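Hi,

Here is the structure I promised to pass on to you. Have a look at it first, and my notes on what turned up follow below.

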Amino acid sequence: MIIVLKPNCTVEQLNHFTEGLKHDYDVKVNTWVGTQSTVLGLIGDTSAIDIDYIAAQDFVESVKRVQEPYKKANRKFHPDNTVITLPGGQKIGDGSLSIMAGPCSVETEEQICEVAARVKAAGAQFLRGGAFKPRTSPYAFQGLKADGLELLREARKKTGLPIVTEIMSAAHLPLFEDVDIIQVGARNMQNFELLKELGKIRKPILLKRGLSSTIEELLMSAEYIMAGGNDQVILCERGIRTYETYTRNTLDISAVPILKRLSHLPVIVDPSHASGIAWLVEPLAMAAVAAGADGLIIEVHNNPAKALSDGAQSLTPDQFDHVAKRVFTAAKLLRTEG
Ligand SMILES: [Mn+2]
């Protein structure tokens with residue numbers, strides 16, 4: 001961290017300030033006194049220092065971080081990729097392509113079990129499905145809630161696929177005890193109280209990027225979970241809001257290599273919510289694989305025209321067969337060429 005002091009900063013203020021920093025944080029302070037202004041260079045772990053507190057001092061001209069404010073999610077402090085292993089042996093981030101597929105919402109036993117069997121046959125290793133649905137309108141279908149979770153368990157029993165489903169409130173955590181991967185949706189990415197509760201448990205968390213959040217904000221949200229001791233976080237790029245209206249969101253494909261560079265956590269892409277359009281899922285999924293994503297999360301419905309949510313972006317099982325073939329082939333090709 002670099003701090004530039006105003007010319008009117010007195011020697012007493014300077015000494016008091018630097019001694020305070022050294023006392024309160026695990027940092028060394030280098031001081032350069034110039035003719036116009038004095039510059040402080042803080043070396044060490046500056047992640048706990050509140051930059052606004054520094055800027056608020058009346059003798060401080062400016063302050064700039066030279067190191068990222070996240071530590072546990074930072075590749076600098078953890079050079080090796082994090083590989084998440086589920087109790088059933090499924091891995092995410094080990095160099096293979098992980099695919100989570102299933103309907104936006106769990107609707108009926110027949111629907112979820114049929115889709116689960118089909119996506120498994122196509123090579124998906126995880127079943128997704130929403131039981132608690134964060135809908136833009138309070139009048140839209142809100143999900144089957146606890147009954148939906150029960151149907152997901154049923155589909156898991158039949159197929160052996162681990163289940164991925166979204167949590168909307170920490171109060172629901174007891175219902176999620178045997179969920180394999182808990183998803184935090186885009187709208188809850190900065191629900192810090194929820195993130196803190198998820199930091200206390202020991203199971204993988206799929207953290208989606210908020211629709212107006214920066215890459216650094218996504219990593220800071222991962223940091224919230226990891227600071228509690230849960231280091232099994234999977235990052236998900238699912239499109240951000242731009243001025244483009246053709247697609248539901250704009251897939252920020254550059255976020256994939258950037259996240260992989262900045263962090264050791266696995267990164268997956270959601271081409272369904274990024275585009276909102278079924279025919280765009282395939283090209284965006286291919287782009288994600290080419291950009292180095294560790295996995296994909298794709299919406300599949302046995303009858304998209306009748307889906308209770310996100311039908312327009314859902315693939316039929318036949319369409320998913322085709323997309324899965326294409327992305328697995330691409331991943332194999334790209335990864336062997338290294
Ligand atoms: Mn959806």
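**What I found**

Let me start with serine 263, which sits in the loop between α7 (255–262) and β13 (267–269). Please keep in mind that this is a predicted model. Is serine 263 buried or exposed? Its relative accessible area is 0%, so serine 263 is buried, the cut-off being under 20%. A polar atom of the serine 263 side chain lies 3.1 Å from the backbone nitrogen of leucine 265. Apart from neighbours within four places in sequence, serine 263 contacts Ala73, Arg75, Leu219 and Leu235.

Leu235 brings us to the nonpolar cores. The largest one has 69 residues, and Leu207, Leu235 and Phe320 touch the most other members. Helix α9 (residues 278–290) gives this core its largest share, 7 residues. Leaving out residues up to four places away in sequence, phenylalanine 320 touches Ile99, Ala101, Val119, Ala122, Ala124, Ile298, Val300 and Leu315. There is also a second, separate core of 15 residues, with Ile3, Leu5, Leu40 and Phe59 among them.

As for the overall layout, the protein is divided into domain 1 (2–64) and domain 2 (75–337). The C-alpha centres of domain 1 and domain 2 are 43 Å apart.

Which residues coordinate the manganese ion? They are Cys104 (SG), His273 (NE2), Glu299 (OE) and Asp310 (OD), at 2.0 to 2.4 Å. Along the sequence, these donor residues follow the spacing C-x168-H-x25-E-x10-D. Histidine 273 belongs to helix α8 (residues 271–275) and glutamate 299 to strand β14 (residues 295–299), 26 residues apart. Histidine 273 is buried at 8% relative accessible area, and glutamate 299 is buried at 0%.

Finally, the salt bridges, of which the count is 19. One of them pairs lysine 71 with aspartate 45 (3.1 Å, N to O). Lysine 71 is in the loop between β4 (60–64) and β5 (84–85) and aspartate 45 in the loop between β3 (38–44) and α2 (51–55), so this pair ties together parts 26 residues apart in sequence. Lysine 71 is partly exposed at 33%, as is aspartate 45 at 26%. In another salt bridge, aspartate 270 meets lysine 208, with the closest N and O atoms 2.6 Å apart. Aspartate 270 lies in the loop between β13 and α8 and lysine 208 in strand β11 (residues 205–208), 62 residues apart. Both aspartate 270 and lysine 208 are buried.

Best wishes

Methods
Residues are numbered from 1 along each chain as its sequence is written. This is a predicted model: local features need pLDDT of at least 70, side-chain atom pairs count only at pLDDT 80 or more; totals for chains, interfaces and linings use all residues. Side-chain values use heavy atoms; hydrogens and water are left out. A nonpolar core is a set of buried Ala, Val, Leu, Ile, Met, Phe, Trp, Tyr and Cys residues joined through side-chain atoms within 4.5 Å. Buried means under 20% relative accessible area, exposed over 50%, partly exposed in between (1.4 Å probe, protein chains only). Helices (H or I, at least four residues) and strands (E, at least two) are DSSP runs, numbered from the N terminus. Contact means heavy atoms within 4.5 Å. Domain bounds come from an automatic or database domain assignment. Donors are N, O and S atoms within 2.8 Å of the metal (3.2 Å for Na, K and Ca); water is not among the atoms, so sites may look incomplete. A polar contact is a pair of N or O atoms within 3.5 Å; within protein, one must be able to donate a hydrogen and the other to accept it, and residues adjacent in sequence count only if both atoms are side-chain atoms. A salt bridge is a side-chain nitrogen of Lys or Arg within 4 Å of a carboxyl oxygen of Asp or Glu.
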